[in-house]
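Here are my notes, jotted down while going through the model. Have it open alongside as you read.

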Amino acid sequence: MLLDLDYFFAQCEELRNPALKTKPVVVCVYSGRTEESGAVSTSNYLAREYGVKSGMPIFIAKKKLQDIDAVFLPVDYDYYEEMSQRIMSLAKTFADRFEQVGIDEAYLDVTERVQGDFDEASAFAQELKREIKEKLGFTCSVGVAPNKLVAKIAADIQKPDGLTVIKPGRVQSFLNPLPVGRLPGIGIKTREKMQVFGISTVEDLAEYDVQSLISQFGRSLGNYFHNASAGIDDDPVQQKTETESISRIATLKENTREPSLILEKTDSLCEDVHSTLLQQGFSFRTVGIAAVMVDMSMKSRSKTLENPTTDLVILKATLKELLQKLLEETDLKVRRIGVRVSSFEKEHKKQRPLTTYFSQEPQKKS
Ligand code: DCP
Ligand code: CA
Ligand code: CA
């Protein structure tokens with residue numbers, strides 16, 4: 001399931017002041033240069049009826065709502081964050097695995113709970129929506145589907161307060177008529193390019209030869225577009241752990257660009273990070289390198305692996321690859337070097353939340 005809260009910032013505002021509910025409400029990020037400069041963060045659905053949209057300059061929104069009893073409010077992120085946390089903690093109790101993506105959105109893997117039954121999943125989604133509404137006062141839209149990609153698209157189909165369930169056998173017929181721009185990762189530029197090849201709907205994309213897509217967009221994007229058009233996505237719902245990253249940084253014996261000297265250090269940092277990982281029962285997916293150069297400037301690089309791993313050999317090899325790329329970007333010598341792993345998943349269940357280590361010196365081993 002993908003859960004997305006409706007007109008989130010504006011709904012937060014309505015909740016704290018119910019009198020707003022009958023008026024167009026526009027939440028604004030004022031840039032402070034002039035009284036009206038800045039952009040619309042979001043608006044309630046009443047304001048949207050007048051053509052107000054996220055990202056629109058405030059003065060245009062004001063023009064659209066001229067002579068109308070509309071309310072313009074500045075963003076209050078702290079308050080929205082607090083509301084988000086309450087809703088997400090409740091939603092989390094509905095999932096086998098829960099992955100929040102952004103302030104008002106989360107994926108819930110409920111496969112085990114509903115034993116793979118989509119009718120049951122549908123009832124379960126209704127129950128989730130009802131609880132969020134009754135306990136916290138918010139409406140949301142939910143998409144239920146065999147994977148994250150389709151669930152996300154489904155959630156966007158019916159808003160606000162929607163529920164869209166796409167059973168496995170209906171994925172292709174659901175996607176076919178949609179404009180390609182509904183697929184995540186297809187923005188205006190890609191859309192225009194595809195238009196030239198006569199691709200405007202997902203069906204057009206699905207029928208387009210994959211090799212031609214690859215030659216136009218490169219292997220990885222070409223394959224992604226091809227799979228996405230068939231509703232194929234095997235990205236798992238990834239439950240984030242409390243610790244977000246583990247990192248170690250150390251000063252080199254001398255300033256150098258010699259890879260073998262730097263790798264000696266990163267290898268020992270990797271070993272250190274790795275043993276902490278094992279103690280905490282995490283596997284990682286993202287590996288990063290950071291270097292402080294002789295002029296004290298910072299350079300960093302990171303890579304996200306296809307699958308989570310706990311393998312020290314992979315960690316070291318990825319670091320080596322990243323170091324190479326990093327050195328290609330500069331002529332300066334390296335002064336300090338750091339290793340970071342993140343995007344954790346729990347390997348075993350019985351872990352407690354533990355400390356986060358940011359930029360600590362490695363402890364000397366005696
Ligand atoms: N947001 C923003 N600027 C944007 C887009 C979004 O500040 N250009 C903020 C305000 C939104 C929140 O992020 O309330 C969530 O974004 P959504 O895209 O989910 O939009 P809404 O929740 O506002 O509306 P919808 O009902 O369409 O989901
Ligand atoms: Ca939303
Ligand atoms: Ca959203």
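**Notes on the calcium site, the confidence and a pocket**

1. Let's start with geometry, bearing in mind that this is a predicted model. The site of the calcium ion (ligand 2) comes out as octahedral, with 6 donor atoms and angles of 80 to 167° among them.

2. Who holds that ion? The calcium ion (ligand 2) is coordinated by Asp4 and Asp104 through OD atoms and by Leu5 through its O, at 2.1 to 2.2 Å. Along the chain, these donors follow the spacing D-L-x98-D.

3. Have a look at Asp4 in particular. Asp4 bridges the calcium ion (ligand 2) and the calcium ion (ligand 3), and the two ions lie 3.5 Å apart. As for accessibility, Asp4 and Leu5 are both buried.

4. On confidence, the protein has a mean pLDDT of 92, and 94% of its residues reach 70 or more. Residues 348-366 are a stretch to read with that in mind, as the pLDDT there is below 50. In the model, this stretch still has 37 contacts beyond near neighbours in sequence.

5. Now the second largest pocket, with a volume of about 530 Å³. Its lining is made up of 16 residues, and those nearest the centre are Asp233, Asp234, Asp235, Arg285 and Glu306.

6. Which elements give two or more residues to the lining of the second largest pocket? They are α11 (219-229) and β11 (298-309). The largest share comes from α11, with 5 residues.

Methods
Residues numbered from 1 in each chain as written. Chains lettered and ligands numbered in written order. Predicted model: local features only at pLDDT ≥ 70, side-chain atom pairs only at ≥ 80, totals over all residues. Heavy atoms only, no water. Donors = N, O, S within 2.8 Å, 3.2 Å for Na, K, Ca; no water. Tetrahedral: all angles 85-135°; square planar, octahedral: opposite > 155°, others 65-115°. Buried < 20%, exposed > 50% of the residue type's maximum accessible area, 1.4 Å probe, protein only. pLDDT = per-residue confidence, 0-100. Contact = heavy atoms within 4.5 Å. 1 Å grid on protein atoms, 1.4 Å probe; cavity = no way out; pocket = protein on both sides within 12 Å on 5 of 7 lines; lining within 4 Å. Points joined across faces, edges and corners; volume = space filled by probe spheres on them. Helix = DSSP H or I, 4+ residues; strand = E, 2+ residues; numbered from the N terminus.
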